[in-house]
Structures are given as C-alpha cells and as structure tokens.
Amino acid sequence: MRKQALKRTNIGVSDSVVAYMVKIDWTTAPVVKVDIRKEFKLTLHRVSVLRHEYHILDEMHATVKPGQTLYFAKSDGLDGYYYMTSEDGCTCKAGRFKMPCHHIEMIIDHIDPTVYADVA
Ligand SMILES: [Zn+2]
C-alpha cells in the first residue's frame with residue numbers, strides 16, 4: 001500500500017470510508033468460495049460507504065494467481081456486491097484498517113462452503 005501521509009489526492013472522499021468490493025451476480029449466497037485454477041484479473045470496485053449509502057467511485061484490477069482460494073462475504077447493504085475476505089483480513093471499511101468485522105467470522109463459519117465455484 002502506498003503511503004501518502006503528506007500529500008493526498010483529494011477526490012472528495014476520505015480514504016477511511018472506502019471499501020473494496022467485488023460484483024458477483026451468479027449467486028446470492030452469504031459466503032462464496034472460489035478456487036483459482038487459471039490466472040485472471042479480478043475487478044475490485046472502490047466504494048464509499050457512509051451511513052449505509054454506497055457510491056461506486058471507480059474500479060481497479062488485481063491479478064489472481066492459480067492455486068489460490070478466495071473467499072467473498074456478501075455486503076449487507078449493496079446488492080450483488082461482496083467483500084474479499086480471508087482469515088487475516090477483509091476489504092470492508094473496518095477490515096482495511098485491521099479492525100474486527102463480521103465478514104471474517106462469516107468466512108470462518110462457512111469454511112465448509114455453501115457455494116463452490118470453478119472459475120475459468
Ligand atoms: Zn469486513
């Protein structure tokens with residue numbers, strides 16, 4: 001993560017209200033497990049979350065390597081969007097700052113997945 005302590009690009013949104021979310025439209029399961037078989041580009045949406053209002057700001061891409069297992073936890077407030085979560089962290093507002101969040105508990109509770117997907 002880049003450090004921008006002194007100079008921060010002001011786009012009108014404080015970084016502390018931003019979460020990274022992934023759109024998943026093929027299921028509504030609370031937790032999704034995906035085994036990565038083939039390298040692919042994951043699209044993450046940068047979303048500002050303020051008092052249950054969600055605004056999609058922009059998107060970025062992350063390369064996912066084969067052999068990884070990704071878990072996604074469903075957003076409470078934005079239909080069709082999920083946080084990328086693991087036992088060590090989460091891309092929600094709280095999780096990004098290493099604060100406890102219920103998504104990590106969801107993942108641990110569902111480590112035996114309810115939905116299993118082969119991507120690519
Ligand atoms: Zn979270």
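Among contacts in the protein between residues at least 6 apart in sequence, 58% join residues at least 24 apart, where two residues are in contact if their C-beta atoms, placed from the backbone, lie within 7 Å. The structure is a predicted model, in which local features need pLDDT of at least 70 and side-chain atom pairs count only at pLDDT 80 or more, while totals for chains, interfaces and linings use all residues. Residue numbers start from 1 along each chain, following the sequence as it is written.

The protein contains two helices and eight strands, these being DSSP runs numbered from the N terminus (H or I and at least four residues for helices, E and at least two for strands). Read from the N terminus on, the elements follow the order β-β-β-β-β-β-β-α-α-β. Of the 120 residues in the protein, 21% are buried; a residue is buried if 20 or more other C-beta atoms lie within 10 Å of its own, exposed if 12 or fewer, and partly exposed in between, with C-beta atoms placed from the backbone.

The average pLDDT of the protein is 85, and 82% of the residues score at least 70, pLDDT being the predictor's confidence in each residue, from 0 to 100. Among the elements, the highest mean value, 96, belongs to strand β1 (residues 18-23), whereas strand β8 (residues 116-119) has the lowest, 59. Over residues 3-8 the pLDDT is below 50, and this stretch has zero contacts in the model beyond near neighbours in sequence. Where pLDDT is low, the predicted coordinates should not be read in detail.

When residues up to four places away in sequence are not counted, Ala73 touches Pro30, Val31, Tyr82, Tyr83, Thr85, His103, Met106 and Ile107.

In general, an α-helix has 3.6 residues a turn, so residues three or four places apart point the same way. Between Ile108 and Glu87, which are 21 residues apart in sequence, the C-alpha to C-alpha distance is 7.0 Å.

Strand β3 (residues 40-50) pairs with β4 in the antiparallel sense over 11 bridges, where pairing requires that DSSP finds at least two bridges between the strands. Within this pairing, Tyr54 in β4 is the bridge partner of Val49. Of the 12 residues of strand β4 (residues 53-64), the number buried is zero, so the strand lies largely in the open. By contrast, Val18, which lies in strand β1, counts as buried, with 20 C-beta neighbours inside 10 Å. Val18 touches Val13, Arg46, Val47 and Ser48, residues up to four places away in sequence not being counted. Val18 and Tyr54 are 36 residues apart in sequence, and their C-alpha atoms are 9.5 Å apart in space.

Most residues other than glycine have a negative phi, and most peptide bonds are trans. The hairpin of β3 and β4 has two residues between the strands, and in this hairpin Arg51 takes a positive phi near 45 degrees; Arg51 is exposed, with 6 other C-beta atoms within 10 Å. Lys98, found in the loop between α1 and α2, has a positive phi of about 60 degrees although it is not a glycine, and Lys98 is likewise exposed, with 10 other C-beta atoms within 10 Å.
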